[in-house]
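Subject: Structure handover and notes

Dear colleague,

I am passing on the structure we spoke about, together with my notes on it. Please read them with the coordinates open beside you.

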Amino acid sequence: MSEQPLPIDDIRFTSRRLVRELGFMGGDFAGTDLPPSAVHALIEIETCPGITARDLGKILRLEKSSVSRMLRKLVLSGDILEKTDGQDNRIKLLFLADRGQKRVEAIHAFANRQVSGALTQLTPADANTILAGLRLYADALGDRSDAAAPAIDIVSGYRPGIIARITQMHALYYARTSGFGQRFESVVAEGLASFCNRLERPRNAIWTAMRGHEIVGSVAIDGEDLGSDIAHLRWFIVDDSVRGGGVGRRLLAAALAFADKNAFAETHLWTFNGLSAARHLYETHGFACVEEHPGSQWGSEVLEQRFIRRLKR
């Protein structure tokens with residue numbers, strides 16, 4: 001029996017069509033007047049605040065000169081801010097300005113409408129088939145040296161170093177993005193240590209994302225501190241090195257599956273305004289913002305937000 005030939009021409013044709021349908025060939029891309037590279041740059045900066053131009057170039061696969069020109073335009077337009085690294089004055093860290101944040105929110109809204117409009121014509125099974133196929137194809141096209149990096153596994157339960165590592169990820173991320181300091185780090189460490197003493201109780205659980213022996217993400221469900229029928233989603237964080245790679249989505253899915261299995265009527269979480277990628281992730285998993293108010297208990301004022309997800313019966 002002869003081996004079936006690879007559908008190279010069909011894949012190339014469909015790839016060209018996909019590029020056209022997504023709007024890469026001209027006109028306004030993602031509902032903006034920006035070129036595709038700039039749109040992708042803004043999204044990556046939102047996903048990883050404080051990223052360097054060098055790392056951004058690697059992600060986007062752009063030459064140094066192309067990245068420099070693009071970033072210069074985005075700085076001049078008021079979309080991004082450059083801040084000097086506190087440890088090396090030669091390194092500039094990239095952040096979204098208010099204008100850039102509004103652009104990214106509009107980009108997400110446009111893209112969500114575009115994708116959801118297409119998915120309404122498909123079954124959930126078809127949608128998952130598309131997702132799996134796109135991931136396989138993108139991974140195969142990438143064929144980069146980092147493809148051999150250790151797989152990231154989501155594991156449950158306590159492990160040595162979990163309190164220190166989760167606290168460290170929170171302290172470093174929120175110091176950089178929100179200006180939080182010692183008070184915030186202490187509260188995280190104290191709360192997490194107390195929670196770990198209650199892990200043997202069946203309504204509490206914690207998960208870590210493991211890259212080999214390294215913890216690169218975490219999330220927990222505290223089923224006791226808010227009431228018997230409320231799951232409190234806590235300590236949800238991923239390391240910068242894996243941000244944007246789907247690890248957070250996998251952690252959140254594990255936590256919500258636990259909440260649903262234990263029939264919690266509601267799952268609550270607290271976060272801050274401005275973390276648009278996280279908010280998008282919460283909302284796609286059924287959370288809705290029900291409360292927000294300014295708070296400065298961590299050293300700098302932020303708009304605190306409470307999200308609730310109700311159990312589907």
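Predicted model: local features only at pLDDT ≥ 70, side-chain atom pairs only at ≥ 80, totals over all residues.

Residues are numbered from 1 along each chain as its sequence is written, and side-chain values use heavy atoms, with hydrogens and water left out.

Nonpolar cores

A nonpolar core is taken here as a set of buried Ala, Val, Leu, Ile, Met, Phe, Trp, Tyr and Cys residues joined through side-chain atoms within 4.5 Å; buried means under 20% relative accessible area, exposed means over 50%, and partly exposed covers the range in between (1.4 Å probe, protein chains only). The largest such core has 25 residues, and those with the most contacts inside it are W207, I221, L233, F236 and L251. Two or more residues each are given to this core by β5, β6, β7, α9 and α10, with the largest share, seven residues, coming from α9. Helices (H or I, at least four residues) and strands (E, at least two) are DSSP runs, numbered from the N terminus. A second, separate core of 21 residues includes V39, I45, I51 and V104.

For I221, contact (heavy atoms within 4.5 Å) is made with a list of residues that includes F195, W207, L233, F258 and F264, once neighbours within four places in sequence are left aside.

Salt bridges

Side chains of opposite charge can pair when their charged atoms come close. With a salt bridge defined as a side-chain nitrogen of Lys or Arg within 4 Å of a carboxyl oxygen of Asp or Glu, the structure holds 16 of them.

In the pair formed by the side chains of D240 and R176, the N to O distance is 2.8 Å. Because D240 lies in the loop between β7 (230–238) and α9 (247–261) while R176 lies in helix α7 (residues 162–178), this pair ties together parts that are 64 residues apart in sequence. Both residues count as partly exposed, D240 at 30% relative accessibility and R176 at 27%.

The side chains of R198 and D222 also meet in a salt bridge, at 2.8 Å from N to O. This pair links distant parts of the chain, 24 residues apart, with R198 in the loop between α8 (182–196) and β5 (205–211) and D222 in strand β6 (residues 214–222). Here both partners are buried, R198 with a relative accessible area of 16% and D222 with 0%. R198 and D222 are also members of a network of salt bridges that links them with R201, E224, D225 and R234.

R279 is partly exposed at 30%, and E283 is partly exposed at 39%.

Which residues form a nonpolar patch on the surface? They are L18, V19, L22, F24, M25, V115, L119, L122, I130 and L134, with about 830 Å² of accessible area together. Patches are made of residues with over 30% relative accessible area and no salt bridge, like charges being joined within 9 Å and nonpolar side chains (Val, Leu, Ile, Met, Phe, Trp, Tyr) within 5 Å; accessible areas come from the Shrake-Rupley method with a 1.4 Å probe, and for residues only the protein chains shown count as cover. At least two residues of the patch are supplied by each of α1 (8–21), α5 (98–119) and α6 (124–142).

V19, which lies in helix α1, is partly exposed at 32% relative accessibility. Helix α1 has 14 residues and reaches 20 Å from its first C-alpha to its last, close to the 20 Å expected at 1.5 Å a residue, where the expected span is 1.5 Å times one less than the number of residues. After α1 comes G23, whose phi is positive, near 90°.

Best regards
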